[in-house]
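Please open the structure in a viewer and keep the sequence at hand.

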Amino acid sequence: MKIAHLSCLLMFLVFGCSTPKSNDENTDIENETAEINPPPNDKYFMQATDGTYYYLEELVGKRVFINYWATWCKPCIAEMPDIQSAAEILTKENYVFFLVSDQDMNKIKEFESKKGFNLTFAKLNGKIQDLNIQSLPTTMIHNTNGKQIRKIAGAVKWDSEDMLNSLREVE
């Protein structure tokens, strides 16, 4: 019986956030359109909660850590303290960190305010599924040439010595 309960718990943890929810759920489209006014070049990738637009091509020269998450995803939230710790260490090593969701900007801002993490939260221009992401959290690492070199699905202990060393190996 204990094995059955453990198996069920393990399945929940592994597949609990396996399908990203659409950002259309409980979203006021008019409000969202009014809230995010893309600049004339509408190729922007994401908009931070402070209003700053980020284009991947403008981040060339930096190592870029992008974690895709959602407010409803418990494993996403559970790994955020480790991401913040890793960011504090690796920012000095030419890394920039983003936590990106396709949910409503107000929902992202509310989460950011409640949780108090010192990270750059942003809204994706589009849907997470459009990036061929099948589960949350998913993290993509880009090298200094702007090329995505890693895609890691699932929660990770980002501030472990092994993971920090792995991230430091990115050129």
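A salt bridge is a side-chain nitrogen of Lys or Arg within 4 Å of a carboxyl oxygen of Asp or Glu. This is a predicted model, in which local features need pLDDT of at least 70 and side-chain atom pairs count only at pLDDT 80 or more, while totals for chains, interfaces and linings use all residues. Residues are numbered from 1 along each chain as its sequence is written, and side-chain values use heavy atoms, with hydrogens and water left out.

**Salt bridges**

Select Glu-161 and Arg-168 to begin. These two residues form a salt bridge, with 3.7 Å between the closest N and O atoms. Glu-161 is exposed, at a relative accessible area of 52%; here buried means under 20% relative accessible area, exposed over 50% and partly exposed in between (1.4 Å probe, protein chains only).

Helices (H or I, at least four residues) and strands (E, at least two) are DSSP runs, numbered from the N terminus. Arg-168 is partly exposed at 29% relative accessibility, and Glu-93 is partly exposed at 24%.

Next, select Lys-157 and Asp-82. Their side chains meet in a salt bridge of 3.2 Å, N to O. Lys-157 lies in the loop between strand S7 (148–153) and H5, and Asp-82 in helix H3, so the pair ties together parts that are 75 residues apart in sequence. Lys-157 counts as partly exposed at 47% relative accessibility, whereas Asp-82 is buried at 15%. A search of the whole structure finds 5 salt bridges.

**The disulfide**

How many disulfides does a search of the whole structure find? The search finds 1, a disulfide being a pair of cysteine sulfur atoms within 2.5 Å. Select Cys-73 and Cys-76, which this disulfide joins with an S to S distance of 2.4 Å. The link of Cys-73 and Cys-76 is right-handed, with 80° about the S-S bond. Cys-73 is buried, with a relative accessible area of 0%; Cys-76 is also buried, at 0%.

**Helix H4**

Now select residues 105–115, which make up helix H4. Its buried residues are Met-105, Ile-108, Phe-111 and Glu-112. Seen down the axis of H4, these buried residues fall within an arc of 125°, so they line one face of the helix; the arc is that of the directions from the helix axis to the C-beta atoms. On the other side of H4, Ser-113 and Lys-114 are exposed. Just after H4, Gly-116 takes a positive phi of about 75°.

**The nonpolar core**

Finally, select Tyr-68 and Phe-121. These are the residues with the most contacts inside the largest nonpolar core, which has 40 residues. Such a core is a set of buried Ala, Val, Leu, Ile, Met, Phe, Trp, Tyr and Cys residues joined through side-chain atoms within 4.5 Å. Elements that each supply at least two residues of this core include strand S3 (63–68), helix H3 (74–90) and H4.
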